[in-house]
Amino acid sequence: MKSPIVQSSHAVTLVGGGPFSARDLQLCLSRAPLAVAADGGADLLLRCGVMPEAVIGDFDSLSESALAEIPASRQHRLEEQATTDFDKVLRSVEAPLYLALGFAGARLDHGLAVFNTLIRRAGQRCIVIGPKDVAFAAPCDLRLTLKLGDTLSLFPFAPVTGRSEGLEWPIDGIRFAPDGMIGTSNRVVRREVLLSFDGPGMLAILPRARLDAVIRALTAAA
């Protein structure tokens with residue numbers, strides 16, 4: 001196995017080429033101060049006045065001006081086309097937690113590919129930041145402190161069953177599957193929500209306002 005390109009004992013912000021604001025970036029950097037770009041995400045970081053610790057990808061969407069501005073020692077070109085830039089950057093960075101910004105995107109295929117990577121690399125605690133929601137691969141046991149009325153969605157990327165406490169519609173006994181039962185738009189009825197699953201494969205989605213609650217829960221689950 002190759003050594004990671006970037007190693008950090010603190011959380012890392014991964015930045016893709018999808019749209020986000022300077023405020024979105026500050027939200028992430030205030031919690032994960034080291035920024036690593038996936039390909040064209042480097043251009044967006046530079047426009048916000050942030051020099052990436054590294055830029056990783058096949059460089060098909062990275063501008064010539066960004067290449068000239070970023071030191072060569074921080075440029076890591078991975079030529080293979082079998083995986084996405086999100087997969088390339090996530091597998092190349094070792095950190096206890098990742099906040100992924102600019103990956104939700106406007107294209108459905110890109111979004112599905114990102115969720116696929118989240119599930120396949122569920123051992124890496126990564127939270128994808130969208131305009132209104134956050135998404136992450138749920139560990140087998142998860143305890144969340146939320147607000148009454150919050151929406152909590154569960155979408156299976158593999159056959160999985162689970163148990164819950166604190167949801168309006170309990171998931172106990174449900175056999176979830178990508179082509180079968182899903183669990184979107186559930187509602188929180190108790191501040192402490194407990195979720196357990198019989199294996200990996202469940203994607204969890206919560207309001208972006210609960211980002212810190214998700215960070216705490218994933219850190220505790222690790």
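**Questions on the sheet and the fold**

Student: In what order do the 10 strands of the open sheet run?
Tutor: This is a predicted model, where local features need pLDDT of at least 70, side-chain atom pairs count only at pLDDT 80 or more, and totals for chains, interfaces and linings use all residues. Residues are numbered from 1 along each chain as its sequence is written. Strands are DSSP runs of E, at least two residues, numbered from the N terminus, and two strands pair if DSSP finds at least two bridges between them. Pairing in the open sheet is mixed, and the order is β5-β4-β3-β2-β7-β8-β9-β16-β11-β14.

Student: Which are the edge strands?
Tutor: An edge strand here pairs on one side only. The two are β5 (75–77) and β14 (183–187).

Student: What is the bridge partner of L154 in β16?
Tutor: Strands β11 (residues 151–156) and β16 (residues 202–207) run antiparallel, joined by 4 bridges. In β16, L154 has as its partner A204.

Student: Which strands does helix α5 touch?
Tutor: Contact means heavy atoms within 4.5 Å. Helix α5 (residues 108–120) packs on the sheet. The strands touched by α5 are β8, β9 (133–137) and β16.

Student: How many helices and strands has the chain?
Tutor: Helices are DSSP runs of H or I, at least four residues. The chain has 6 helices and 16 strands.

Student: What percentage of the 222 residues count as buried?
Tutor: Buried means under 20% relative accessible area (1.4 Å probe, protein chains only). Of the 222 residues, the buried share is 48%.

How values were computed
Side-chain values use heavy atoms; hydrogens and water are left out. Axes are lines fitted to C-alpha atoms, for helices over the stretch in contact, and angles run from 0 to 180 degrees between N-to-C directions. Buried means under 20% relative accessible area, exposed over 50%, partly exposed in between (1.4 Å probe, protein chains only).
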